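Here are some notes for a colleague who is opening this entry for the first time. Please keep the sequence and the structure at hand while going through the numbered points.

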Amino acid sequence: MAAEVPSPFRILALETSCDETAAAVVADGHDVLSSVVSSQVDLHARFGGVVPELASRAHVDLLTPVIAQALVEAGLDGYGIHAVAATIGPGLIGSLLVGVSAAKALSLVWGVPFIGVNHLEGHLYASFIEEPDLEPPLVVLLVSGAHTMLIAMEGPGQYRLLGSTIDDAAGEAYDKVARFLGLGYPGGPVIDRLAMDGDPHAIAFPRAMKDEGYDFSFSGVKTSVITYVRKQPDVSIADVAASFQEAVVDVLVTKTRRAATEIGANGICLGGGVAANSSLRERLLDACIADGLRGFLPSRAMCTDNAAMIGAAAWWRYQSDGPTPLDVGADPGLHLPLVG
Amino acid sequence: MIILGIETATNQVGCALGGYEGVLASFHASRGRRHAETLAPAIEFVCKHARIEMKEISAVAVDIGPGLFTGMRVGVATAKAMAQALRVPMIGLSSLDLLAFPVRHSDRLIAPVIDARKGEVFTALYRQVPGGVQRLTQYRICTPRELASELIARDEDCLVVGDGGLRYRDVLANAGGVEVGEVGFAYPSASALVELAHPRAIREEFVQPWELELLYLRKSDAEINWDRQESV
């Protein structure tokens, strides 16, 4: 059921799918009036990964002030909001339910529609916030701690999955390598930083399935890093970090580039936490320039989990599907709605 | 004064509206769909059928546990957001208080017992006082066997209510003089929540949405394992 949407249409969006408690007010799918993200990284660091029960507890405590701040920064009270959106999946069930429950409650009190949003779709629209004139078809590389997907976006709501990881997500491989090297959690930023002082060609780590298809595998490179360091304990950690990063980025960029050529894309978009990686951004932009494509790299704040991208995706979803019924739950394994 | 009560700490989900006139409307479901799917439509339903508009609600009361963590959070997240949007204060009450209150006319010792899973229960002991019940002990988590031995030591007639009482009936009934209440008293109710919240609202014993805290009584498994490793 398509819905008529007046302008400006201001959506308060909530995102609590993992370990960021976030709220944002977004007008017309791209105008970010406020975006507040409260990270729980410090809470989970000592455990080397996100602890679902701790994340859920923190969301309940943090969400009220985060919503209040998003409204204040947008210069609104609740009655200037036209709809309330929340991530309904995929993610951690206990965490998702906090945001979904709060969003439904706000929509009840304010008498405005509730819009349930797919977290992955949120990442796809992150680029549209900063580049509202993006013209599909686009190839989107979605890389995070939980996902590695290559998606052909043929229009709003029109997605085709070209490939995804068959084992570890790229971000997961970063975390596991960082843990093995004793670098702490999360692994992405620290390896990225170390890699700047290392030689990316010092060690030739394997590039799994680089030239075949669009699926990814990062379990092998992780294992060979571990094996290598065990055999050569005196190796420079910076060289290991740089060479590991080079192997991961090489595969990601090569496949994304090939996909863009094959589907005749206008451009390449990045999304997900690993999209904040400096080497990936640099290499992808170089590839776009070489191939005459436009590269849309959302700012780092838009790559990692945030509620503004949920507000953007909600605006598109609302126009095509209308409001989400209040009896919907959260779905931890929610898939991206695909065509064909 | 209209109070909205929200209760999701056990397998039952419920909401109720009430005030000076007592409970005006209530909804409870102890099987069927999940809390998060049921709660918002249920709130809409009770408001509609009691002919009460959202803006007439002057306080939001909620069960803060102890109970099933994920269920509790659905109710508390909903209640906090409603209070925030309505700009009204909150009243947080324990699930154990809510279980003890409906059996307040018994002169026996009252022991609400909630199934905490993993072989444990949440409990506290209460006694009848004029107009309600008074809690005699701390809220705590223990094994049914530990509770049974405490009841034996107290050597008093005792009424046990709650889903934990039903589950561990065999263990608890070992203590002499213990009766386990029937299934009608097994879950904390949103109606009891509204009734108990009303005098507090009159005394203005409120908390703000950002101050309301849940009563978990048990750490996350990750923290328990961490503490265990630290102590080794």
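Which residues does A:His59 touch, not counting residues up to four places away in sequence? The points below begin with the answer, and they should be read with the reminder that this is a predicted model.

1. Leaving aside residues up to four places away in sequence, A:His59 touches A:Thr16, A:Cys18, A:Asp19, A:Glu20 and A:Thr21, and it also touches A:Gln40, A:Ser95 and A:Val98.

2. A:His59 itself belongs to helix H2 of chain A, the helix that covers residues 52-73. Is A:His59 buried or exposed? Its relative accessibility is 0%, and because buried means under 20% relative accessible area, A:His59 counts as buried.

3. Turning to the chain that holds this residue, chain A is built with 11 helices and 10 strands. Its radius of gyration is 20 Å, close to the 20 Å that the globule rule gives for 340 residues, so chain A is as compact as a globular protein of that length. Taken along the principal axes, the box filled by the C-alpha atoms of chain A is roughly 65 × 45 × 30 Å.

4. How much of chain A counts as buried? Of its 340 residues, 58% do, while the accessible surface of the chain comes to about 12300 Å², with 53% of that surface belonging to carbon and sulfur atoms.

5. Among the contacts in chain A with a separation of 6 or more, 74% are accounted for by residues 24 or more positions apart.

6. The domain assignment divides chain A into domain 1, given as 10-124 + 303-321, and domain 2, given as 135-298. The C-alpha centres of these two domains of chain A lie 27 Å apart, and where the domains meet, 15 residues of domain 1 of chain A are in contact with 19 residues of domain 2 of chain A.

7. For chain B, the domain assignment likewise gives a domain 1, with the bounds 2-95 + 188-231, and a domain 2, with the bounds 96-185. How far apart do the C-alpha centres of domain 1 and domain 2 of chain B lie? They lie 22 Å apart, and the contacts between the two domains involve 21 residues of domain 1 of chain B and 18 residues of domain 2 of chain B.

How values were computed:
Residues numbered from 1 in each chain as written. Chains lettered and ligands numbered in written order. Predicted model: local features only at pLDDT ≥ 70, side-chain atom pairs only at ≥ 80, totals over all residues. Heavy atoms only, no water. Helix = DSSP H or I, 4+ residues; strand = E, 2+ residues; numbered from the N terminus. Rg over C-alpha atoms; globule rule 2.2 N^0.38 Å. Buried < 20%, exposed > 50% of the residue type's maximum accessible area, 1.4 Å probe, protein only. Contact = heavy atoms within 4.5 Å. Areas by Shrake-Rupley, 256 points an atom, 1.4 Å probe, with all protein chains shown as cover. Domains from an automatic or database assignment.
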